[in-house]
Amino acid sequence: FFRSLLKNNVCFRRKFASKTVAAKVQTTTTKKETKDETKSFSTLQEERREQAERSVLISCPPNISEMRFLKHVSRHGNIKNCFFYESFGIYAVVEFSEKDSIASLREATSIPSIQHETAVPFKTRLLSLKANNLNLSSSQPSVQCQKQTTIGVKELILKLSQEDSIDQQLYSLMEEYQLTEENICLRFLVCSLLKDIAAAYFPECIIRPFGSSVNGFGKLGCDLDMFLDLDAVSGRNLKQVGGGLSLEYQMKKMTSERAATQSILTVIGECVDQFGPGCVGVQKILNARCPLVRFAHQPSGFQCDLTANNRVAMKSSELLYVYGGLDGRVRALVFCLRCWARVHGLTSTIPGAWLTNFSLTVMVVFFLQRRSPAVLPTLDQLRDLAGPKDKSTIEGNDCSFVSDFSRIQDQTNTETLEHLLQEFFVFYGNFAFSQMSINIRKGVEQNKPESSPLHIQNPFEPALNVSKNVNATQLERLVTLCQESAWLLQQGGAGGRGLVRDTPWGLAALLQPSLSQSIKMKGRKRKAREPASERIKGLLDSLKSSKAAAGVAGDAA
Ligand code: CTP
Ligand code: MG
């Protein structure tokens, strides 16, 4: 019996291990192999959602033995996957082969009796395994925990300094930062647990993750954006049967969709707050452009944002997933630039006038569309490839684009990541932000329709500017950092590995906090001495002319 348990578990480990290897291979294989193998967004989301429905989250006693744990839980059914992680104690995610096993597990689970306190008897799939009188921490080795956080920037810089090329540094950063398979499973499980709470009101609802949890650009530790999907509630578009009569539910009516969303989020936020185990610090932010309920989910360690009626954001998550899956270089470049922006304070976890990761990612997509030949197709090109199932209109906007990767032709661009990174900095170090808007639908810059310092057209809501929040100071910082980074890369570019081992070079040098500090200092001096960044502009001009002399194709200028 033990052997079969172990075998099961070993199978599980192999499954994850092989995925890690696949992810590694992805960084070195050709574009074609990776692209056509990639599952469509909806297939992958559906698989993960169904997997989460068969899973439970169990808090474990310290030093629990893995074997004993599996033996106990597998009484209720075959375990397909199981992993452990730490978040104020040890937790296990257990995925059963069959959903029925959860019913059996629930039957055997008791309501806690606590002295001086009372438990609200709201049952969820978040459980605690109690050691009772048994010594679970026997002589068996304790469990191996899966990491849920990234290494710090200092450690990252050291690691990158040991790589042999800038391309390798970018891939190495991505592997260190990207969400692990286990972390993604946990994200879907948290959505599924919250769905059980929301189901108290809307039994047929679905809670779907969106944003960086699913768009392929998520970093370990990023927030969990979710939306409550009520479109799956049956009877919405029921065809009328003949006979001249039909039945309709009597329902409360609201003045607007926004008012309905606010009212739904009010009650669900209240339920999460009052009855949701592990949900703390619940804030209802209902007057935002997109009303939301924000809270921390302690057992997973995720900062959660729950919205409702947010289909456009889901579409933009899918679009980024498609762009990230088209070419192995895209994700590596985005991870690198998200990290670069974060260490230099261009992005922040606090809302404000900063650039957001979403805006920055759209800027990278646009830059890659502008290469010659292009690395990425425009959104209009992806729309033209859409099949009948891909057709989608949300609030009057056409949100159709192809979902099947094999229908998208490979691009012929073969530039190295190092070159693309360098060109990204030159491109935005020189971009006419004061007149032009960034538009990934057309893949060309267009005249700005309004006066925000940075204008990035929302791909699915053309009237909206994704980066409306960014002020002139933050844009200026972005431009200066791009110019300095272009210059720094050019100085120590290809083959510029530090002479002294472990000396930050290439990407590692770009992540040094001293870069933004030196800009602050120079900014002060420059204000006193010269208008605008004349010196850097001169440097960029010399870069451009040397590039032109070398006959390098590029349209960044
Ligand atoms: N979004 C949008 N327009 C904006 C901001 C956000 O459409 N101005 C949508 C995007 O689909 C984005 C999602 O909301 O992916 C979540 O926003 P946010 O959490 O800010 O960005 P993430 O992509 O999730 O990145 P992060 O890792 O910083 O959370
Ligand atoms: Mg997010």
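Is Asp225 buried or exposed, and what is the relative accessibility at which it counts as such? Select this residue to begin: Asp225 counts as buried because its relative accessibility is 13%, where buried means under 20% relative accessible area, exposed means over 50% and partly exposed lies in between, all with a 1.4 Å probe and protein chains only. The model in the viewer is predicted, so local features need pLDDT of at least 70 and side-chain atom pairs count only at pLDDT 80 or more, while totals for chains, interfaces and linings use all residues. Residues are numbered from 1 along each chain as its sequence is written, chains are lettered from A and ligands numbered from 1 in the order in which they are written, and side-chain values use heavy atoms, with hydrogens and water left out.

Asp223 is partly exposed, with a relative accessible area of 28%.

**Ligand 1 and its shell**

Now select ligand 1 together with the 14 residues around it, of which Ser212, Asp223, Asp225, Ser316 and Asn357 come nearest; a residue is near a molecule or strand if one of its heavy atoms lies within 4 Å of it. Taken alone, ligand 1 exposes 560 Å², and the protein buries 77% of that, with accessible areas coming from the Shrake-Rupley method with a 1.4 Å probe and, for residues, only the protein chains shown counting as cover.

Colour the helices next, because helices (H or I, at least four residues) and strands (E, at least two) are DSSP runs numbered from the N terminus. Helix H10 (311-326) and helix H12 (357-369) each supply at least two residues of the shell around ligand 1, and the largest share, three residues, comes from H10.

**Strand S9 and its partners**

Move to strand S9 (residues 302-308), where six of the seven residues are buried. S9 pairs with strand S6 (residues 224-229) in the parallel sense over five bridges, and with strand S8 (residues 292-297) in the antiparallel sense over six bridges; two strands pair if DSSP finds at least two bridges between them. Select Leu306 in S9, and you will find Met226 opposite it, with Val293 also standing opposite Leu306.

**Glu95 and strand S3**

Finally, select Glu95 in strand S3 (residues 90-96), a residue that is buried, with a relative accessible area of 4%. Its side chain is joined to that of Gln51 by a polar contact of 3.2 Å and to that of Arg54 by a polar contact of 2.7 Å, a polar contact being a pair of N or O atoms within 3.5 Å where, within protein, one must be able to donate a hydrogen and the other to accept it, and residues adjacent in sequence count only if both atoms are side-chain atoms. S3 runs antiparallel to S2, with seven bridges joining them.
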